[in-house]
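Dear colleague,

I am passing on the structure below, and after it you will find my notes on what turned up when I went through it. Please read them alongside the coordinates.

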Amino acid sequence: MSKKIYCIARFRAKEGREAELFEVLKALEPDTLREDGCLQYIVTRRIENPCAGGSDDYPIVFNEIWADRESFEAHCNRKAIQTFFQTQCLDENGLAEAWDVNVYTDEPVDYDAPRFGVGCE
């Protein structure tokens, strides 16, 4: 198992503003991909497909993989990310109507993770 953090950040734009919000989110990719600990950071948009009939409540989704919790939290504290959430999500004139950000782990509950630097007993 790893210490990786998987983040799914979903966005719903205000009516008629989806393409504009998508472009604003795309603009965050290049600098974020340069961050230490960023393994994947891809903004995607929902498309129709007969094999996937899920909800379209949040048609724009970031799929992120971070090396560890510290890398993810450092990203969240970057000025550019905080400015995005302030101007596009919290401010009345922002492009986002709703957003939902969650992080996940691939480790099971009570995983007996190896402890490095510990001698044999």
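The model is a predicted one, in which local features need pLDDT of at least 70 and side-chain atom pairs count only at pLDDT 80 or more, while totals for chains, interfaces and linings use all residues. Residues are numbered from 1 along each chain as its sequence is written, and side-chain values use heavy atoms, with hydrogens and water left out.

The side chain of E29 meets that of K26 in a salt bridge (3.3 Å, N to O), a term that here requires a side-chain nitrogen of Lys or Arg within 4 Å of a carboxyl oxygen of Asp or Glu; K26, at 31% relative accessibility, is partly exposed. By this rule there are 7 salt bridges. Another of them joins R10 and D100 at 3.2 Å, N to O, and this pair links distant parts of the chain, with R10 in strand β1 and D100 in strand β4 (residues 96–104), 90 residues apart (strands are DSSP runs of E, at least two residues, and helices runs of H or I, at least four, numbered from the N terminus). R10 is partly exposed, with a relative accessible area of 29%, and D100 is likewise partly exposed, at 24%.

E29 is also among the residues that F62 touches, a list that includes C7, F11, L25 and Y41 and leaves out residues up to four places away in sequence (contact means heavy atoms within 4.5 Å). F62 is one of the residues with the most contacts inside the largest nonpolar core, which has 21 residues; such a core is a set of buried Ala, Val, Leu, Ile, Met, Phe, Trp, Tyr and Cys residues joined through side-chain atoms within 4.5 Å. The elements giving two or more residues to this core are β1, α1 (18–26), β2 (38–45), β3 and α4, and its largest share, 5 residues, comes from β1.

Finally, the largest pocket has a volume of about 150 Å³, the volume being the space filled by probe spheres set on grid points that are joined across faces, edges and corners. A pocket is an open set of points, on a 1 Å grid over the protein atoms alone, where a 1.4 Å probe fits, with protein on both sides within 12 Å along at least five of seven lines, and lining residues have an atom within 4 Å of a point. Of its 15 lining residues, the closest to the centre are A9, E64, H75, I81 and F85.

With best wishes

Technical notes
Buried means under 20% relative accessible area, exposed over 50%, partly exposed in between (1.4 Å probe, protein chains only).
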